[in-house]
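This report goes through one protein model, part by part.

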Amino acid sequence: MKLTVYLALLLSTTLLSCSSTKQTTVATSHHDKLIMAVAWYQHSAEMTALYHQGFNIARQRLDQAVDTSQSGRKLAVVVDIDETMLDNSPFETTLINNEDFQKGWYGWTAKASARALPGALEFATYAQSKKVDIFYITNRDDNERTVTLKNLQNQGFPFATEDHLLTKSDLSYTTGNTSSKTGRRARVSESHEIILLIGDNLNDFSEVFEDRSVNNGKDAVLKNQAQFGQKFIVLPNPMYGAWEKPLFNYKDGLSDEEKTLLLKAKLIGE
Ligand SMILES: [Mg+2]
């Protein structure tokens with residue numbers, strides 16, 4: 001009897017030990033690469049300055065377009081939402097800590113608690129005062145529409161209405177690329193002249209940037225370099241984005257160790 005109890009205890013201790021080891025591994029293996037990026041995004045004054053710089057330039061370009069547009073059509077600015085108008089970096093912290101991971105992204109957006117990014121609200125309000133519409137083109141899913149509008153409204157954003165929000169469905173599927181925003185930009189162009197686009201991902205601006213297989217997409221940027229600071233306003237996001245994919249050879253589900261090896265192999269040395 002004693003031996004049975006001992007074996008049972010030994011077994012449960014071993015299982016607990018394995019389980020604990022596994023949890024520790026999981027907690028430190030998936031998203032550690034994000035720590036420096038999230039720290040920079042949340043705490044560097046440079047990040048705050050860059051967002052203001054972007055929206056200050058956007059305001060100047062908007063003024064110019066209002067003064068010079070001859071299309072006779074209603075003017076519009078197309079903005080992305082995540083890491084452009086709203087700050088989701090608290091969710092990135094959740095990923096790092098692996099807390100509430102099972103709730104994931106939908107759990108975060110359901111809270112509708114993301115804060116406005118520096119300069120974003122002021123810019124959107126300014127556009128409204130100049131009678132320029134804001135259209136939010138986001139790759140959030142259709143089932144997030146209600147909470148997304150609620151979040152934008154909670155933060156005081158103008159044009160946070162059904163007819164100014166284009167989520168991931170609609171025309172994106174016609175291009176064969178479900179995250180492409182091309183079809184949705186075309187839809188806005190049916191009724192408005194798009195004078196400016198603002199985003200943290202090159203795919204927020206034009207389909208010419210969607211293929212990163214050549215020189216990580218930098219050739220496409222060089223070809224269109226005159227547009228940046230003109231029609232395209234880029235905001236910084238070191239936490240995630242389409243820029244990661246070529247670095248990780250377009251593979252999903254890599255471990256932190258595998259990512260480290262790939263990144264190190266691609267770093268340019270002296
Ligand atoms: Mg974004």
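Phe 91 is buried, because its relative accessibility of 9% is under 20%. The model is a predicted one. Trp 105, at 26% relative accessibility, counts as partly exposed.

**Aromatic pairs**

Across the whole structure, 9 aromatic pairs are found. In one of them, the ring centres of Phe 91 and Trp 105 are 5.3 Å apart with the planes at 75°, so this pair is edge-to-face. Phe 91 belongs to helix 4 and Trp 105 to helix 5 (residues 104-110), so the pair ties together parts that are 14 residues apart in sequence.

Another pair is formed by Phe 209 and Phe 228, whose ring centres lie 5.8 Å apart; the planes are at 50°, so the pair is tilted. Phe 209 sits in the loop between strand 6 and helix 9, and Phe 228 in the loop between helix 9 and strand 7 (232-234), so parts 19 residues apart in sequence are tied together. Phe 209 is buried at 1% relative accessibility, while Phe 228 is partly exposed at 23%. Phe 209 and Phe 228 are also members of a cluster that ring pairs form with Phe 205 and Phe 232.

**The magnesium site**

Which residues donate to the magnesium ion? The protein donors are Asp 80 (OD), Asp 82 (O) and Asp 200 (OD), at 2.1 to 2.2 Å from the ion. Their spacing in sequence is D-x1-D-x117-D. Asp 80 and Asp 200 link distant parts of the chain, being 120 residues apart. Asp 80 lies in the loop between strand 1 and strand 2 (86-87), and Asp 200 in the loop between strand 6 and helix 9 (218-223). Asp 80 is buried, with a relative accessible area of 7%, and Asp 200 also counts as buried, at 14%.

**Accessibility of selected residues**

The table collects relative accessibility for some residues discussed in this report.

| Residue | Relative accessibility | Class |
|---|---|---|
| Asp 80 | 7% | buried |
| Asp 200 | 14% | buried |
| Arg 145 | 16% | buried |
| Phe 228 | 23% | partly exposed |
| Thr 68 | 56% | exposed |

**Nonpolar cores**

The largest nonpolar core has 42 residues, and those with the most contacts inside it are Val 77, Phe 123, Ile 134, Tyr 136 and Ile 198. Elements that give two or more residues to this core include helix 2 (34-43), helix 4 (89-97), helix 7 and strand 6. Helix 3 supplies the largest share, 6 residues. Beyond its neighbours within four places in sequence, Val 77 is in contact with Leu 62, Phe 123, Val 132, Asp 133, Ile 134, Phe 135, Ile 195, Leu 196 and Ile 198. A second, separate core of 13 residues includes Ala 76, Ile 137, Leu 166 and Val 188.

**Helix 6**

Helix 6 (residues 120-129) has Ala 120, Phe 123, Ala 124, Tyr 126 and Ala 127 buried. Why do its buried residues line one face of the helix? Seen down the axis of helix 6, the buried residues fall within an arc of 160°, so they line one face. Their cover includes helix 3 (45-68), strand 1 (74-79), strand 4 (133-137) and strand 6 (192-199). After helix 6 comes Lys 131, which has a positive phi, near 60°.

**Two polar side chains**

Arg 145 is found in helix 7 (residues 145-154) and is buried, with a relative accessible area of 16%. Its side chain makes a polar contact of 2.9 Å with the side chain of Thr 167. Setting aside neighbours within four places in sequence, Arg 145 is in contact with Glu 162, Leu 165, Leu 166 and Thr 167.

Thr 68 lies in helix 3. Thr 68 is exposed, since its relative accessibility of 56% is over 50%. The side chain of Thr 68 reaches the backbone oxygen of Gln 64 at 2.8 Å.

**The protein as a whole**

The secondary structure comes to 11 helices and 7 strands. Of the 270 residues, 40% count as buried. Among contacts between residues at least 6 apart in sequence, 74% join residues at least 24 apart.

Conventions:
Residues are numbered from 1 along each chain as its sequence is written. This is a predicted model: local features need pLDDT of at least 70, side-chain atom pairs count only at pLDDT 80 or more; totals for chains, interfaces and linings use all residues. Side-chain values use heavy atoms; hydrogens and water are left out. Buried means under 20% relative accessible area, exposed over 50%, partly exposed in between (1.4 Å probe, protein chains only). Helices (H or I, at least four residues) and strands (E, at least two) are DSSP runs, numbered from the N terminus. The arc is that of the directions from the helix axis to the C-beta atoms. Contact means heavy atoms within 4.5 Å. A polar contact is a pair of N or O atoms within 3.5 Å; within protein, one must be able to donate a hydrogen and the other to accept it, and residues adjacent in sequence count only if both atoms are side-chain atoms. Donors are N, O and S atoms within 2.8 Å of the metal (3.2 Å for Na, K and Ca); water is not among the atoms, so sites may look incomplete. A nonpolar core is a set of buried Ala, Val, Leu, Ile, Met, Phe, Trp, Tyr and Cys residues joined through side-chain atoms within 4.5 Å. Rings of Phe, Tyr and Trp (its six-membered ring) pair if their centres lie within 6.5 Å; planes under 30 degrees apart count as stacked, over 60 as edge-to-face and the rest as tilted.
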